[in-house]
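Let's take a friendly walk through a helical pair and a few residues around it. Have your viewer ready, and follow along as we go.

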Amino acid sequence: ITYNAIIRACEKGHKVERAMELFAEMQQNGFKPNVITYTALISACAKGHKIEKAMDFFAEMKQRGLIPDVITYHALINACKRGHKVERALELFAEMQQWGLEPNVTIYTALINACEEGHKVQNAMDLFDEMQQRGLISEEITYIPLCLLARRAKRKVIVDTFDEQLSKGMEPNAAGYTLIIDECEKDGGS
């Protein structure tokens, strides 16, 4: 438990090299890593832009017979986002569901963010629709990457997305208002 806590602290402090050193030390001292350990390492690698290392830890985790959880997949999808590996993020999403894990709003938002980074408009919109069909209530943060994608694709979608957010009683933050104001200015105020 102590090693997990320290590795997690390294992850939060963006100290990926130290997290990996502690992981090695932990094993040398006879402690076996668990899902929490690997998830913290994967997240640390993502934050340190060591995407391939994150994938290596994931493979090692599964090789040891440890079953990844939704939090692990969230860390992996974020790693893919940072590494501009949208297709891999989509594969992980499918794999997660094959394991019988149900995606939550956090997973969908991370994946939509990855699609936004990779300019995958249709994938992001499909994920958003799927999320709603599952009855998951999107968070405000889910709408921002959708709006950014829409900006690239078509301005009207931004206005529709913003209107949908308002119709659901969500109060946009400054970023949301800035997007809609910018688009209205580009459209001549309409």
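A word on the model first: it is predicted, so local features need pLDDT of at least 70 and side-chain atom pairs count only at pLDDT 80 or more, while totals for chains, interfaces and linings use all residues. Residues are numbered from 1 along each chain as its sequence is written, and side-chain values use heavy atoms, with hydrogens and water left out.

Start with helix 6, residues 86–98; helices here are DSSP runs of H or I with at least four residues, numbered from the N terminus. Its 13 residues reach 19 Å from the first C-alpha to the last, close to the 18 Å expected at 1.5 Å a residue, where the expected span is 1.5 Å times one less than the number of residues. After helix 6 comes Gly100, with a positive phi near 90°.

Which residues of helix 6 are buried? They are Val86, Ala89, Leu90, Leu92, Phe93, Glu95 and Met96, with buried meaning under 20% relative accessible area, exposed over 50% and partly exposed in between (1.4 Å probe, protein chains only). Their cover includes helix 4 (51–63), helix 5 (70–82), helix 7 (105–117) and helix 8 (121–133).

Now turn to helix 5. The 13 residues of helix 5 should span 18 Å at 1.5 Å a residue, and its end C-alpha atoms are 18 Å apart, which agrees. Val70, Thr72, Tyr73, Ala75, Leu76, Ile77, Ala79 and Cys80 are the buried residues of helix 5. Among the elements covering them are helix 3 (35–47), helix 4, helix 6 and helix 7.

How do the two helices meet? Helix 5 and helix 6 pack at about 170°, with axes 9 Å apart; the axes are lines fitted to C-alpha atoms over the stretch in contact, and angles run from 0 to 180 degrees between N-to-C directions. Helix 5 is therefore roughly antiparallel to helix 6, a label for angles over 145 degrees. From helix 5, Val70, Tyr73, Leu76, Ile77 and Cys80 make the contact, and from helix 6, Arg88, Ala89, Leu92, Glu95 and Met96; contact means heavy atoms within 4.5 Å.

Finally, two single residues. Thr39 sits in helix 3 and is buried, at 6% relative accessible area. Beyond its neighbours within four places in sequence, Thr39 contacts Asp69, Ile71, Thr72 and Ala75. Asp126 belongs to helix 8 and counts as partly exposed, at 40% relative accessibility.

Conventions:
Parallel < 35°, antiparallel > 145°, perpendicular 65-115°, else oblique.
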